[in-house]
Amino acid sequence: MRDDERREADGSLPRAEGTCGSGPEGPARPPEGNPGASSAGPPADGPAPGRAAGGPAGRNAPVAGSQPPPRLATIAREWGRIGLLGFGGPPAHIAMLRETCVERRRWVDPERFEDGIATTNLLPGPASTQLAILTAWWLRGARGALVGGFCFIVPGLILIIALAALFLAGNPPVPVRGAAAGAGAAVAAVAAHAAWQLMPDSRRRAVGRAARARWYGYLAAGAAGAVLAGPWLVLVLVGAGLVEVGVRRAARPGEPTAGAGGPGSASGTEPGRRRTRTDRRLWLLLAALPATALAAGLSALTWTAYKVGALSYGGGFVIVPLMHADAVERHGWMTDPEFLNAVALGQITPGPVVQTVSVVGWAAGGVIGALVAAVVAFGPSFLLVLGGGRSLERLRTVPAVRGFFHGAGPAVVGAIAGSAVPLAAALSEPWQAVVLLLAAGWLIGLRRGVVGTLVGAGALGVLAGLVGLPLP
């Protein structure tokens, strides 16, 4: 008898959902609500056996290998725990998802999980949020994706809206103002640190002298765009990607724009009428998403949030240069110090950093604005997984997609680095410059964590307010 069976027999290992099946020695427990299904079948709310909705039969079905799918309540609990305790941004979220899905529960095999990371990093929007939605979709299909994504996002969203109400109040207490000014002073250092961490991996992907020269060009273009282009930065990022696609096509004019694509191709997809209809519906939904807030009179906020959720590439911190010009200069929803507070709140709260957009939404339209901004920013992530989940892995085989991100990627890194300039220029008190220098040394010189840095900077701000130093 195996160890897990012995523990299950004596009661020390409960027969909870998501634990390993009995494997070769005996049949695994069937999924809930479908007693006749085998453990290798699709989830109870997924497509019928042998069918993959929106694609060819029997390909890329959303199942978790040989494991029986967990209950939706289990997904809600596990993904909610990550959303509540996921301090530290995408690296922390990915580590917690892997610990849950691969190591502890063994719902997903390691190779598939790594493929999921690579795939979601090809998509615009918050990569760790998309990975949370995708892994839940693997386990329980559309319902699992909705439950997992919702529970991953909501805990941090509730907390950040409550903090926005406190920090953006008309007359917050001196300790609150001091904490906001101190943490806000460190945000420029956080931006520089994020870019510094991203540069080595991005540069390694540029192989050859010509590719390396283009990489530096895209990096400089992104940095200049963050400083000079304001709300049009997204055009710089897209332009860098399109230039790289054009350069690669010119170098290899006979190269196809898709993967092998045939019925026996490694991508696991077949061209056809159903494929075209599915892709068209997906992109129509993405294009129509900004209309969700027009009735509320928040079209400008909707566009800002839509850029964050559907047009941002390269990770969560790129939202800072994408939002700054809209929130402060173009629409005047926030002052520079308030925007710095928003970025700091997005970093120190659990869950995705993209929730910073909810603070901007609060400044633009109160609770309704915060919720609209969150829906529009996170909506594309759900649509990409639910509408094209079975096609996502194929993106890695499409040369045009790879080329686009080889251009847009370094431009994003440059934009993150360049955003440190206006963020630092927004500081209004001399003591904040001292906090900025200390934070930069702590993050980049001593290689300490972002959350601890912001909390320490906030504590220095509280001290500054209590001793009577001027507060912005």
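**Salt bridges and their surroundings**

Mentor: Arg104 has a relative accessible area of 39% and is therefore partly exposed, because that class lies between the 20% limit for buried residues and the 50% limit for exposed ones. Please bear in mind that this is a predicted model. The partner of Arg104 in a salt bridge is Glu99, with 3.2 Å between the closest N and O atoms. Glu99, at a relative accessible area of 30%, is likewise partly exposed.

Across the whole structure, a search finds 10 salt bridges.

A further pair involves Glu244 and Arg214, whose closest N and O atoms are 2.8 Å apart. Glu244 belongs to helix H9 (residues 233-251) and Arg214 to helix H8 (residues 209-228), so this pair ties together parts that are 30 residues apart in sequence. The accessibilities of the two partners fall into separate classes: Glu244 counts as buried, at 3% relative accessibility, whereas Arg214 counts as partly exposed, at 24%. The reasoning rests on the cut-off, because buried means under 20% relative accessible area.

Glu244 also meets Arg248 in a salt bridge, with an N to O distance of 2.9 Å. Here both residues lie in helix H9, four residues apart, which is about one turn of the helix. Arg248 counts as partly exposed, at 21% relative accessibility. Glu244 thus pairs with Arg214 of helix H8 and with Arg248 of helix H9.

Returning to the pair treated at the outset, salt bridges that share partners join Glu99 and Arg104 with Glu78, Arg81 and Arg105 into one network.

For contrast, one may turn to a nonpolar part of the surface. Val434, Leu438, Leu460, Leu463, Leu466, Val467 and Leu469 make a nonpolar surface patch of about 660 Å². Helix H16 (430-445) and helix H17 (450-466) are the elements that give two or more residues to this patch, and H17 gives the most, with three residues. Leu466 is placed in helix H17; this residue is exposed, with a relative accessible area of 62%, because the exposed class begins over 50%.

Methods: Residues are numbered from 1 along each chain as its sequence is written. This is a predicted model: local features need pLDDT of at least 70, side-chain atom pairs count only at pLDDT 80 or more; totals for chains, interfaces and linings use all residues. Side-chain values use heavy atoms; hydrogens and water are left out. Patches are made of residues with over 30% relative accessible area and no salt bridge: like charges are joined within 9 Å, nonpolar side chains (Val, Leu, Ile, Met, Phe, Trp, Tyr) within 5 Å. Accessible areas come from the Shrake-Rupley method with a 1.4 Å probe; for residues, only the protein chains shown count as cover. A salt bridge is a side-chain nitrogen of Lys or Arg within 4 Å of a carboxyl oxygen of Asp or Glu. Buried means under 20% relative accessible area, exposed over 50%, partly exposed in between (1.4 Å probe, protein chains only).
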